[in-house]
Amino acid sequence: MSDLDHRVGVREANLVIRNLRLSNVNEANCDALIGEVDKLFGIDDVSYNIKEGVIHLAYDATHINLDGIEEVIRRHGADLHNDWWTHTKEGYYQFVDQNIKDNSTHKAWSCHAVPPGSHNKRK
């Protein structure tokens, strides 16, 4: 796939896929919740499986993070499921998202470059 296969602002190199269980989601707030999350800049895809209670997210971690998405989820009266596995995944996802964001702004350097002013002159 290339960057052209995704929404505007989503780069393939920074694309992450997340699956999290939610609680307090019903048919009344499900469509509004998914609709608002889908409008966020950096979201590539979002869907909700109401039978399993799982939200599927695909987003560019340099433009949006899990905390911003959770804020929208809570605004609609839902929340992340309160079990150890969901909290473990949430912590891991937050760590990876921050890592991707930090690495996108990092300038690479090389210790193999010749220092300025130290050219070998052959005699």
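Me: Leaving aside its neighbours within four places in sequence, which residues is D44 in contact with?

Reply: This is a predicted model. D44 is found in strand β2, and β2 pairs with β3 in the antiparallel sense. Once neighbours within four places in sequence are left aside, the residues in contact with D44 are H6, R7, V10, L15, A58 and Y59.

Me: Is D44 buried or exposed?

Reply: The cut-off for buried is under 20% relative accessible area. D44 has a relative accessible area of 17%, so D44 is buried.

Me: What is the order of the strands in the sheet?

Reply: From the N terminus on, the elements run β-α-β-β-α-β-α, which gives 3 helices and 4 strands. The 4 strands form an open sheet with antiparallel pairing. Across that sheet the order is β2-β3-β1-β4.

Me: Which strands stand at the edges of the sheet?

Reply: An edge strand here has a single partner strand, so one side of the strand is left without a neighbour in the sheet. β2 pairs with β3 over 6 bridges, and 2 bridges join β4 to β1. The strands at the edges are β2 (43–49) and β4 (79–80).

Me: How many bridges join β1 to β3?

Reply: Strands of a sheet pair through backbone hydrogen bonds, either parallel or antiparallel. β1 and β3 run antiparallel, and R21 stands opposite V54 in β3. The number of bridges that join β1 to β3 is 7.

Me: In β4, which residue is the bridge partner of S23?

Reply: β1 covers residues 15–23, and β1 and β4 run antiparallel. The bridge partner of S23 in β4 is D79.

Me: Which strands does helix α2 lie across, and at about what angle does α2 run to β3?

Reply: Helix α1 (residues 27–38) lies across β2 and β3, running at about 165° to β2. Helix α2 (residues 66–75) lies across β1, β2, β3 and β4. The angle of α2 to β3 is about 140°.

Me: Are α1 and α2 roughly parallel or roughly antiparallel to each other?

Reply: The two helices pack with their axes 9 Å apart, at an angle of about 150°. Angles over 145 degrees count as roughly antiparallel. α1 passes α2 in a right-handed crossing, and L33, E36 and V37 in α1 meet I69, V72, I73 and R75 in α2. The two helices, α1 and α2, are therefore roughly antiparallel.

Me: How far apart in space are D67 and E90, C-alpha to C-alpha?

Reply: D67 has its place in helix α2 and is partly exposed, with a relative accessible area of 42%. In sequence, D67 and E90 are 23 residues apart. Their C-alpha to C-alpha distance in space is 9.4 Å.

Me: Of the contacts between residues at least 6 apart in sequence, what percentage join residues at least 24 apart?

Reply: The protein has 123 residues, of which 34% are buried. The accessible surface comes to about 8,500 Å², with 52% belonging to carbon and sulfur atoms. For the contacts asked about, the share joining residues at least 24 apart is 66%.

Key: Residues are numbered from 1 along each chain as its sequence is written. This is a predicted model: local features need pLDDT of at least 70, side-chain atom pairs count only at pLDDT 80 or more; totals for chains, interfaces and linings use all residues. Side-chain values use heavy atoms; hydrogens and water are left out. Two strands pair if DSSP finds at least two bridges between them. Contact means heavy atoms within 4.5 Å. Axes are lines fitted to C-alpha atoms, for helices over the stretch in contact, and angles run from 0 to 180 degrees between N-to-C directions. Buried means under 20% relative accessible area, exposed over 50%, partly exposed in between (1.4 Å probe, protein chains only). Accessible areas come from the Shrake-Rupley method with a 1.4 Å probe; for residues, only the protein chains shown count as cover. Angles under 35 degrees count as roughly parallel, over 145 as roughly antiparallel, 65 to 115 as roughly perpendicular and the rest as oblique. A crossing is left-handed if the near helix is turned anticlockwise from the far one by less than a right angle, and right-handed if clockwise.
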